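I am keeping these entries as I go through the structure, one place at a time. Each entry says what I looked up and what I found.

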Amino acid sequence: MESMILSALSSLVMGLSALTIEGVVMMAVGCMLLWLGIQKGYEPLLLLPIGFGAVMVNIPMSGVMEEHGLLRFFYDFGVITEVFPCLIFIGIGAMTDFTPLLENPKILLLGAAGQFGIFITLLVALGLGFNLLDAATIGIIGACDGPTSIYVASKYAPHLLGAVSVAAYSYMSLVPLLQPPIMKLLTTEKERKIRMPYPKKSVSKSLKILFPIGVTILTCLIAPMGTPLMGMLMLGNLMKESGVVSRLTGAAENEIPNIVTLLLGLSIGATMEGAAFLKAQTLIILALGLGAICLDTVTGVLFGKIMCVLSGGKINPLLGAAGISAYPMAARVVMTEGRRYDRNNWLLMHAMGANTGGQIGSIMAAAIMLSVLKGMGLG
Amino acid sequence: MATSIEAPMPGKVWELTVQEGQTVKEGDVVVVLEAMKMENAIESPVAGVVQKVNFKKGDAVDEGAVLLVIG
């Protein structure tokens with residue numbers, strides 16, 4: 001009887017006795033993510049479930065990521081199958097207004113220029129010894145687009161998913177801190193003060209409906225591997241612009257992204273198991289991701305300067321910083337920086353145009369990368 | 001001399017922080033305009049008295065529309 005009681009009591013402290021240093025460190029990391037989300041307001045919708053998932057998975061003997069474990073079920077169902085990031089894109093599409101881009105289509109070029117950092121980072125990662133699939137996954141952090149990063153990581157480098165996702169979402173929330181110094185460094189005060197009038201032409205409803213259909217067909221024919229992401233983004237947008245499926249649009253804006261964000265966040269957190277996450281490689285990935293986002297800003301602003309010259313000084317080069325995908329944060333940064341030097345400089349709508357162009361650009365960059373890798377027999 | 005404050009972009013009047021007859025200082029926020037789901041505080045470029053308010057809360061405005069006049 002005594003031995004039964006002792007064995008029952010010892011089973012109560014088994015979890016405690018099985019704690020490892022790595023597990024404790026990762027629980028602290030999880031708590032730090034919770035603190036950033038709750039206290040600092042950095043991407044709380046993502047960092048809160050990610051942080052909690054990281055705490056849960058590092059509790060010894062919890063079994064949450066073992067076969068039939070709860071978080072394993074979410075991970076296998078939505079991440080391995082790439083379903084979650086695609087569903088998130090339906091929501092993004094339903095919440096995105098492409099009108100500023102349609103009013104001023106040449107701004108789409110800034111969305112393309114804002115993706116060069118991805119490819120530079122890929123080359124740097126290759127130089128550091130990562131294999132091609134891992135390097136492509138790391139480079140995609142530069143898209144500053146969480147779902148796209150998760151999609152590529154789950155397809156080609158699931159072992160990097162935790163680090164890549166945390167980097168993508170952390171840096172996305174740091175865009176207001178990362179971009180302004182680069183923007184200031186690369187532009188003159190005169191350039192930053194360039195005012196841009198709004199185009200007087202209005203965009204017809206027909207064009208807004210045809211746009212998502214046309215973009216899907218055109219871009220997916222060029223880079224078919226991007227069809228799941230681009231298709232879902234544009235489907236969400238078509239539902240919103242058509243105005244005929246308000247119930248579905250409502251679900252795409254609210255219920256679907258809310259549920260998927262919760263399960264996706266928990267699944268990502270669940271990949272942050274101590275032994276797998278606490279490696280020098282993770283730190284290198286975080287550093288490369290940071291570099292990628294900064295490089296995107298650099299290439300975007302430099303291309304903005306080229307467009308400024310070609311347009312005879314009519315385009316404010318700050319808009320180039322909105323060419324990354326962090327929507328609408330990057331556009332907000334551009335407007336704030338423009339107003340810092342001229343209180344009456346309102347760049348918001350133009351920046352939104354570049355920012356939505358950046359969304360399309362980041363998916364295209366990922367799709368081209370995926371298609372090229374498939375062409376090389378690696379996909 | 002009267003100064004017109006125009007909408008710097010198309011949007012919706014989110015908040016009117018002044019009313020006709022009110023005295024404002026240069027830099028006071030007079031209107032908050034909602035555009036692309038962002039609230040944009042528009043400040044008075046001059047000190048004076050609000051002579052006319054042309055829109056009410058919730059109204060849609062085009063770029064260049066005169067929101068209010070300060071004299």
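**Entry on one serine.** I looked up Ser173(A) and found it in helix α12 of chain A, where helices are DSSP runs of H or I with at least four residues, strands are runs of E with at least two, and both are numbered from the N terminus. Ser173(A) is buried, with a relative accessible area of 10%; buried means under 20%, exposed over 50% and partly exposed in between, with a 1.4 Å probe and protein chains only. Leaving out residues up to four places away in sequence, Ser173(A) touches Tyr42(A), Glu43(A) and Met329(A), a contact being heavy atoms within 4.5 Å. Met329(A) lies 156 residues from Ser173(A) along the chain, yet their C-alpha atoms are separated by 8.1 Å.

**Note on the model.** This is a predicted model, in which local features need pLDDT of at least 70 and side-chain atom pairs count only at pLDDT 80 or more, while totals for chains, interfaces and linings use all residues. Residues are numbered from 1 along each chain as its sequence is written, chains are lettered from A and ligands numbered from 1 in the order in which they are written, and side-chain values use heavy atoms, with hydrogens and water left out.

**Entry on helix α13.** I then turned to α13 of chain A, residues 175-186, whose 12 residues reach 17 Å from first C-alpha to last, close to the 16 Å expected at 1.5 Å a residue; the expected span is 1.5 Å times one less than the number of residues. Its buried residues include Val175(A), Leu178(A) and Met183(A), and among the elements covering the buried residues of α13(A) are α12 (161-173) and α21 (329-341) of chain A.

**Entry on helix α6.** Which residues of α6(A) are buried? I noted Phe84(A), Pro85(A), Cys86(A), Ile88(A), Phe89(A), Ile90(A), Gly91(A), Ile92(A), Gly93(A) and Ala94(A). Because 10 of the 13 residues of α6(A) are buried, this helix is largely enclosed by the rest of the structure. The cover over the buried residues of α6(A) includes α5 (70-79), α11 (146-156) and α22 (348-375) of chain A.

**Entry on chain B.** For chain B I found zero helices and eight strands. The radius of gyration of chain B is 11 Å, close to the 11 Å that the globule rule gives for 71 residues, so chain B is as compact as a globular protein of that length; the radius is taken over C-alpha atoms, and the rule is 2.2 Å times the number of residues to the power 0.38. Of the 71 residues of chain B, 39% count as buried.
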